[in-house]
Amino acid sequence: MNNRQTKLFWKRILFTFTLLIPLWLAPGVASALSDAQCFGCHGQDFDEAAFKETVHGPMGCTLCHSEAGEASGMHPVPLAAVDCGDCHGEIAEVNAQSAHGKAYTAGDEMAARCADCHTTHDIFSPDDPRSSTYPLNIPATCGQCHEDDTEMTNTHKLRKEHVVEDYAMSIHGRGLYRDGLIVTATCSSCHNNHDVQPAAEPDSSIHRDNIVATCTECHVGIGQRFRESVHSPQVTETDKTLPVCTDCHSDHTITRVDKDDFRQVIAEQCGNCHGHYSSTYLETYHGRASMLGGSETLAKCSDCHGAHDIMPSTSASSRIHPDNIVETCKECHPKANASFATYYTHATHSNKEEYPRLYYSFWIMTGLLIATFTFFGIHTLLWLPRSFLERRRLKREHHQNQK
């Protein structure tokens, strides 16, 4: 190597060294802690191997705990709270406007924060069964605050009680816990995950105006039929409150619709809006047999009118339209014909205006029955003294003949 090459070599070394000096002296680089150093102190608290498998594992400790990365020696104790919004800005903005975020901003230290739902270091993908947000684990995660007798439920006036217990016994909960169907609805399916809002908020996923849209994210076909039914605001213009999914199925205690515990209350549920028709149904054979503990196969309101596709009888698509009523009856009565279908399902003797013949027939027969029992009742009462006298006379004659 000649002198010129030697001088050029050293100039390059000096130039490189000059560039590196600022980097070596920069805070957080020259003294940045490695994950190995972090676990050297905190290995008893955290499993390094498990942490490496989390979503944050490949990024290292100091990405979140920047103070540790900037420390010139031992990091400050305690470290400042991690701001998840530094990386998850959009989610943080949504959460800040949620019920949880607003409560925390208002000074409620018990309001749920990111770590309460996602944990601090064991943050796995929602598809990982180890994740606190894995479908099978979501009810337990939400139950940390919303289950009965938690610190939150004892200090805050939450609207609902027994929510986790009720959910576990519902059709959704049984599907999740008993059958392991992770596609079934969990808390976040209805309430959202980060944009959790009270039901009274117009933007809430569980507001009355949004319930149908929320439920039909899973029940698409049913939602389509409902939107075309008489209960849909798109079909019926009225000042009255139209029913939504939770009015008939409830929210956390949703049961199977083909079992007694649901079918036995159908008339009562429909009666919340259609009281007159519910009461007249209960006076018919179908209704009385149901009240006496009849089979779940006995006709209920939805068997004749439909469940989600209810239409007025004047609509050609209605199950009780004259062109369709026979086929509706045949579902239970295979031999039904046009004559059979003339049966007045809700006919009642108390309705003089609509059913005068039935009204007067009832009272004539009732009057005849009362008159008959009254006449023979009086006859029996009058005959009793005569009967006693006659028995005494016969007894006296019997003793005389014995002599």
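The second largest pocket holds about 260 Å³ of space. A pocket is here an open set of points on a 1 Å grid over the protein atoms alone, where a 1.4 Å probe fits, with protein on both sides within 12 Å along at least five of seven lines. The volume is the space filled by probe spheres set on the points, which are joined across faces, edges and corners. The model is predicted, so local features need pLDDT of at least 70 and side-chain atom pairs pLDDT 80 or more, while totals for chains, interfaces and linings use all residues. Residues are numbered from 1 along each chain, and side-chain values use heavy atoms, without hydrogens and water.

The lining of this pocket (residues with an atom within 4 Å of a point) has 13 residues, and R208, D209, V212, P233 and V244 lie nearest the centre. At least two lining residues come from each of α13 (211-215) and α14; helices are DSSP runs of H or I with at least four residues, numbered from the N terminus. By class, the lining has 7 nonpolar, 3 polar and 3 charged residues.

Helix α14 (residues 220-227) contains F226. F226 has a relative accessible area of 11% and is therefore buried, a term for values under 20% with a 1.4 Å probe and protein chains only. Beyond four places in sequence, F226 touches V212, H231, S232, P243, V244 and H308, where contact means heavy atoms within 4.5 Å.

H252 lies in the loop between α15 (245-249) and α16 (260-263). H252 counts as buried because its relative accessibility is 18%. Apart from neighbours within four places in sequence, the contacts of H252 are K160, V163, D166, Y167, S170 and H191.

Note on methods. Buried < 20%, exposed > 50% of the residue type's maximum accessible area, 1.4 Å probe, protein only. Nonpolar A, V, L, I, M, F, W, Y, C, P; charged D, E, K, R; others polar.
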